[in-house]
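Subject: Handover of a structure

Dear colleague,

Please find below the structure that I am passing on to you.

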Amino acid sequence: MNQIPNLATSHGWTDVLADKLSKPSGRSTSSPKFEFDYSARGCLLRIQNFIEKCPGFVPFVRQTDRLNQPDVMLTRTPRIPGLDGRKMSKSYGNTITLSESDADIRAKTKVMVTDPARKRRTDPGNPDVCPVYDWHKLFSTEEPGRLEWVRQGCTTAGIGCIECKAAMAENLIKWIAPVRERRVK
Ligand code: SF4
């Protein structure tokens, strides 16, 4: 993980330096006036550039503590596709809302897009390109063995898409029921 020095202790001399550099010298009428970025990021970059160019100043720069630069943290399902496999969006009409009834959830998920290459029940599929599997990863993780059942069954044509979708729909209904109840209260 990258680390950024805390600017609190070095901000004072940076301001002085920035102030001096931003004022054109009296001898040179043609020198342009520098515009300084005073944001924390701007200060940090100037400090880093300065130290790189003048390593002799390193002993005079005190860093008391460090701020951790955050890294990206993605969930297991960084992108949830809509029922049709496109980006989930109300305007596409490919969503399931929190107020949806169980019957509607079953009906809507029944016609979900699957692996487009799996044309027949006997064709092995690829869960990694299937929106239903993305939804399984979101709603079926609590059910022991369900994800493995899907992967194994799909890639060997051991299960059909209808039963795969039905299993996912039941887990989605279980997940959504308490949310729906809370919204009614
Ligand atoms: S079996 Fe499940 S994961 Fe495989 S293509 Fe069909 S719906 Fe998708």
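Residues are numbered from 1 along each chain as its sequence is written.

Confidence

The protein chain has a mean pLDDT (the predictor's confidence in each residue, from 0 to 100) of 82, and 76% of its residues reach 70 or more. Confidence is highest in helix H5, at 98, and lowest in strand E1 (residues 3-5), at a mean of 47. Helices (H or I, at least four residues) and strands (E, at least two) are DSSP runs, numbered from the N terminus. The pLDDT is below 50 over residues 1-11, a stretch that has 28 contacts in the model beyond near neighbours in sequence; two residues are in contact if their C-beta atoms, placed from the backbone, lie within 7 Å. Over residues 25-29 the pLDDT is also below 50, and this stretch has one such contact. Where pLDDT is low, the predicted coordinates should not be read in detail.

The ligand

The ligand is surrounded by 14 residues, of which Gly 125, Cys 130, Cys 154, Cys 161 and Cys 164 are the closest. A residue counts as near if its C-beta atom, placed from the backbone, lies within 6 Å of the molecule. At least two residues of this shell come from each of H4 (131-139), H5 (146-155) and H6 (161-184), and H6 gives the most, with three. By class, nine residues of the shell are nonpolar, two polar and three charged. Here Ala, Val, Leu, Ile, Met, Phe, Trp, Tyr, Cys and Pro count as nonpolar, Asp, Glu, Lys and Arg as charged, and the others, Gly among them, as polar.

Helix contacts

H4 and H5 pack at an angle of about 165°, with their axes 10 Å apart. Axes are lines fitted to C-alpha atoms, for helices over the stretch in contact, and angles run from 0 to 180 degrees between N-to-C directions. The two helices, H4 and H5, are therefore roughly antiparallel (an angle over 145 degrees). In this contact, Tyr 133, His 136 and Lys 137 of H4 meet Arg 146, Leu 147 and Val 150 of H5.

H3 (residues 102-110) packs against H6 at an angle of about 145°, with axes 9 Å apart. The residues of this contact of H3 with H6 divide into five nonpolar, one polar and four charged.

Yours sincerely

Note on methods. Predicted model: local features only at pLDDT ≥ 70, side-chain atom pairs only at ≥ 80, totals over all residues. Parallel < 35°, antiparallel > 145°, perpendicular 65-115°, else oblique.
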